[in-house]
Amino acid sequence: MIDITFGLRCPSSIVHSVVRTLENSEGDLKFYQMHQVRGSYALSRTEVELGEIENYYPRTSRSGIEIFGPIDSY
């Protein structure tokens, strides 16, 4: 396998999961994402920036108690 190309409708969470799973695999595997060229029906393929993906994922949800503390403390 040389590269993986993610389509227009592929959610960024899936892109992150696949990239993290395969980034340390043997060989020089590259990751690309498709984008529509503004004002036309043409598509372009750009390389996924691995550092950029790390900034947004993983996201963990936090409860109100984790954020603000227990209610009786007020």
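Arginine 45 touches Asp3, Thr5, Tyr32, Gln33 and Met34, residues up to four places away in sequence not being counted. The model in which these contacts occur is a predicted one. Its chain has 3 helices and 3 strands, and from the N terminus on these elements follow the order β-α-β-β-α-α.

**Arginine 45**

- Arginine 45 is placed in strand S3.
- Arginine 45 lies over the face of tyrosine 32, with a distance of 3.7 Å from the ring centre.
- From C-alpha to C-alpha, arginine 45 and leucine 8 are 10.0 Å apart in space, while 37 residues apart in sequence.

**Sheet**

- An open sheet is formed by 3 strands in the order S1-S2-S3, and its pairing is mixed.
- S1 (3–6) and S3 are the edge strands, each of which pairs on one side only.
- On average, neighbouring strands of this sheet are turned by 30° against each other, direction ignored.
- In general, strands of a sheet pair through backbone hydrogen bonds, in either a parallel or an antiparallel manner.
- S1 and S2 pair in the parallel sense, over 4 bridges; phenylalanine 6 stands opposite glutamine 33 in S2.
- Strand S2 (residues 30–36) pairs with strand S3 (residues 43–47) in the antiparallel sense, over 5 bridges.
- S2 and S3 form a hairpin with 6 residues between them, and glycine 39 in the turn has a positive phi of about 80°.

- Helix H1 (residues 12–22) lies across S1 and S2 and runs at about 170° to S1.

**Nonpolar core**

- In soluble globular proteins, nonpolar side chains tend to be buried together.
- The largest nonpolar core here has 8 residues, namely Ile4, Phe6, Val15, Val19, Leu29, Phe31, Val48 and Ile53.
- S1 and H1 are the elements that give two or more residues to this core.
- Phenylalanine 31, a member of the core, touches Ile4, Phe6, Val18, Val19, Leu22, Glu23, Thr46, Glu47, Val48 and Leu50, residues up to four places away in sequence not being counted.
- The search of the whole structure finds 0 aromatic pairs.

**Chain as a whole**

- The chain has 74 residues, of which buried residues make up 16%.
- Among contacts in the chain with a separation of 6 or more, 51% are accounted for by residues 24 or more positions apart.

Terms used. Residues are numbered from 1 along each chain as its sequence is written. This is a predicted model: local features need pLDDT of at least 70, side-chain atom pairs count only at pLDDT 80 or more; totals for chains, interfaces and linings use all residues. Side-chain values use heavy atoms; hydrogens and water are left out. Rings of Phe, Tyr and Trp (its six-membered ring) pair if their centres lie within 6.5 Å; planes under 30 degrees apart count as stacked, over 60 as edge-to-face and the rest as tilted. A charge sits over a ring if NZ of Lys or CZ of Arg is within 6 Å of the ring centre and within 35 degrees of the ring normal. Two strands pair if DSSP finds at least two bridges between them. Axes are lines fitted to C-alpha atoms, for helices over the stretch in contact, and angles run from 0 to 180 degrees between N-to-C directions. Contact means heavy atoms within 4.5 Å. A nonpolar core is a set of buried Ala, Val, Leu, Ile, Met, Phe, Trp, Tyr and Cys residues joined through side-chain atoms within 4.5 Å. Buried means under 20% relative accessible area, exposed over 50%, partly exposed in between (1.4 Å probe, protein chains only).
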